[in-house]
Amino acid sequence: MQRRILIAGASGYVGGRLAPSLTNLGYDVVCLARDPTKFSGVPWATHAEILRGDVLDAGSVESACVGVDTVFYLVHSIGTAGDFSDSDRRGAVNVVGAARRAGVKRIVYLGGIIPPDTEDVSKHLASRAEVGQIFLDSSVPAVVLQAGVIIGSGSASFEMLRYLTERLPAMVTPRWVDSKVAPIAVRDVLRCLIAAVDLPDGLNRQFDIAGPEVMTYRDMMHRYA
């Protein structure tokens, strides 16, 4: 039987690349979207089912999870009005409840790597870590992928890097340029996400995913230049 996969966050940078990758592999892909018109004219959308809904609307999530084998949760509420961490938390709880009742076999979540022994974690990273833990603590098996800086044309990190390197001949660098990161190509992120679908049933754990090199933002700017 064709496996049915639900993607929450398919209009985002990673989700917009994951959905066509899954349809090309023969999966039955369903995308949950607050505004389905965002997919108008998107070539791969004709090969997927687009459902109107929102992870903050428990009823729409309940309906979307019917018959689903795997749920990809790629939603991050930063940049939205109100307390984004509260929205992230409520969305995750809604998905866990709906997935449990629908008999979903696995939730796959893409978060960020949390630096060890670091007290000064951004509110954004702390929220993503909390969402990952909500999934791991639920009765639905979850695979939580914690990614380093994602690099690829169009990604926020890459575009910031490109802009700073190309537009500024000289700059007074903030302290974060010497922060160490483990960048990962978006293609490799997609490979890891897709591979998570076929991991052994019942597996419930997190994985850090990153490229082979640890470098600073300064190193990446020099490498790009």
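This passage describes a predicted model of one chain and the packing of its helix α1. Residues are numbered from 1 along the chain as its sequence is written. Local features need pLDDT of at least 70, side-chain atom pairs count only at pLDDT 80 or more, totals use all residues, and side-chain values use heavy atoms, without hydrogens and water.

The chain holds 7 helices and 11 strands. These are DSSP runs, with helices (H or I) of at least four residues and strands (E) of at least two, numbered from the N terminus. Of its 225 residues, 45% are buried, meaning under 20% relative accessible area with a 1.4 Å probe, protein chains only. Among contacts (heavy atoms within 4.5 Å) with a separation of 6 or more, 75% join residues 24 or more positions apart.

Helix α1 spans residues 15–24, and helix α6 spans residues 186–196. Their axes, lines fitted to C-alpha atoms over the stretch in contact, lie 10 Å apart at an angle of about 55°. From α1, R17, L18, S21 and L22 take part in the contact. Their partners in α6 are V186, L190, L193 and I194. An α-helix has 3.6 residues a turn, so residues three or four places apart point the same way.

Within α1, the buried residues are G15, L18, A19, P20, L22 and T23. Their cover includes α6 and the strands β1 (4–8), β2 (28–33) and β4 (70–73). After α1 comes G26, with a positive phi near 95°.

How values were computed:
Buried means under 20% relative accessible area, exposed over 50%, partly exposed in between (1.4 Å probe, protein chains only). Axes are lines fitted to C-alpha atoms, for helices over the stretch in contact, and angles run from 0 to 180 degrees between N-to-C directions.
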